[in-house]
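Biologist: I am new to this structure. Please walk me through how to read it.

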Amino acid sequence: MATNLIKITWQTVLLWLVFRLGGYLVGVLHLSLPGNVAGMLLMFALLASGLVKPALIEAASGFLLKHFAFFFIPISVGLMSFGPLVRQSGLALLAILLVSALAGAAVTGVSVQMLQRRREP
């Protein structure tokens, strides 16, 4: 139990450092990209290149995904303070969310199909 907690802790620190490095690179290079997205792209590059093995972050990422809903509580509470804005622009926001979700799903589906075709002989 204690060894698993230590493993999750240092793996979370590793994930946090990559996240912070992404934010730092965005600031230094003046990129028009959010720091967290740069951190995710950096982690993807590290995983794809083999410099970081998935086992190196598996325990922490599994723990974070398992408790993923917990991270939405502050967002939900924060939205409650924007009641007037949601009443005023709620339909437009809902439409934007639906269109972007559908676009994301469509791009993901097409990408997976293209990758599967490349893999098949």
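Biologist: Where is the place of Phe 71?

Modeller: Some ground rules come along with the answer. This is a predicted model, where local features need pLDDT of at least 70, side-chain atom pairs count only at pLDDT 80 or more, and totals for chains, interfaces and linings use all residues. Residues are numbered from 1 along each chain as its sequence is written, and side-chain values use heavy atoms, without hydrogens and water. Helices are DSSP runs (H or I, at least four residues), numbered from the N terminus. Phe 71 sits in the loop between α3 (58–66) and α4.

Biologist: Why does Phe 71 count as partly exposed?

Modeller: Buried means under 20% relative accessible area, exposed over 50%, partly exposed in between (1.4 Å probe, protein chains only). Phe 71 has 42% relative accessibility, so it counts as partly exposed.

Biologist: Which helix gives the most to the nonpolar patch?

Modeller: A nonpolar patch joins side chains of Val, Leu, Ile, Met, Phe, Trp or Tyr within 5 Å, from residues with over 30% relative accessible area and no salt bridge. A salt bridge is a side-chain nitrogen of Lys or Arg within 4 Å of a carboxyl oxygen of Asp or Glu. Here, helix α4 (residues 73–80) gives the most, with five residues. The patch includes Phe 71 and Leu 65, and has about 1100 Å² of accessible area together (Shrake-Rupley method, 1.4 Å probe).

Biologist: Where is the place of His 30?

Modeller: His 30 lies in the loop between α1 and α2. Its phi is positive, about 55°, although His 30 is not a glycine. With a relative accessible area of 69%, His 30 is exposed.

Biologist: And where is Leu 56 found?

Modeller: Leu 56 is in the loop between α2 and α3. Leu 56 counts as partly exposed, at 33% relative accessibility. From Leu 56 to Arg 87 is 31 residues in sequence and 45 Å in space, C-alpha to C-alpha.

Methods. Patch = residues over 30% accessible without salt bridge, like charges linked within 9 Å, V, L, I, M, F, W, Y side chains within 5 Å. Helix = DSSP H or I, 4+ residues; strand = E, 2+ residues; numbered from the N terminus.
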